[in-house]
Amino acid sequence: MGGWRVLEPLGEAECMELLASVRHGRLVYTSRYGPTALPVTYLIDEGSVVLGTWDPVLFDEDLRTGIAQAEYQIALEADQIDAEAREGWFVLVRGAAHHLDTEAEREPFVDAGLEPWIEGVPSHFIRVNPTTILGSRIRRA
């Protein structure tokens, strides 16, 4: 288990490849109650990230401004950690939360594996066009 580890910054392309490899992470935002991180499923779609969440009512007050074209800034964090080996990676994507409210926007994602894991809970989709993508890998030197 010994040995030094190094922190290696990742480029945007590698970050997107790693994101595509796990499909689950955490939606991070500032809610009316303070900092919040919730589990989500996601997929990469033409350079953006589409999050699958549950019950849109949960997000209406926190992730909608009520102003057309004004969208809240959020983050998606995903990682893969091997605690025993003390190695892994993380990726953080930041961007605006665009709710996919119309049937035309939602249709490509309805059967894409983004539905909630809990039966009977409605699906809600949010697209994030990244403004910042960063990540790091921790590995043996």
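Both phenylalanine 109 and phenylalanine 125 are buried, where buried denotes under 20% relative accessible area, exposed over 50% and partly exposed in between (1.4 Å probe, protein chains only). The model is predicted, so that local features need pLDDT of at least 70 and side-chain atom pairs count only at pLDDT 80 or more, while totals for chains, interfaces and linings use all residues. Residues are numbered from 1 along each chain as its sequence is written, and side-chain values use heavy atoms, with hydrogens and water left out.

Phenylalanine 109 and phenylalanine 125 form a tilted aromatic pair, at 6.3 Å centre to centre and 55° between the planes. Rings of Phe, Tyr and Trp (its six-membered ring) pair if their centres lie within 6.5 Å; planes under 30 degrees apart count as stacked, over 60 as edge-to-face and the rest as tilted. Phenylalanine 109 lies in the loop between helix 3 (103-106) and strand 7, and phenylalanine 125 in strand 7, so the pair ties together parts that are 16 residues apart in sequence. Helices (H or I, at least four residues) and strands (E, at least two) are DSSP runs, numbered from the N terminus.

The largest nonpolar core holds 24 residues, of which Leu19, Leu51 and Ile74 touch the most other members. A nonpolar core is a set of buried Ala, Val, Leu, Ile, Met, Phe, Trp, Tyr and Cys residues joined through side-chain atoms within 4.5 Å. At least two residues each come from helix 1 (12-22), strand 2, strand 3, strand 4, strand 5 (73-82), strand 6 (87-99) and strand 7 (123-140). Helix 1 gives the most to this core, with 5 residues. A second, separate core of 6 residues includes Leu43, Val50, Leu100 and Phe109.

Beyond its neighbours within four places in sequence, isoleucine 74 is in contact (heavy atoms within 4.5 Å) with residues including Leu27, Leu51, Leu63, Val93, Ile126 and Val128.

Serine 48 is placed in strand 4 and is buried, with a relative accessible area of 2%. Leaving aside its neighbours within four places in sequence, serine 48 is in contact with Leu43, Arg127, Val128, Asn129 and Pro130. Serine 136 is in strand 7 and counts as buried at 11% relative accessibility. With neighbours within four places in sequence again left aside, the contacts of serine 136 are Leu7, Glu8, Pro9, Leu10, Gly88, Trp89 and Phe90.
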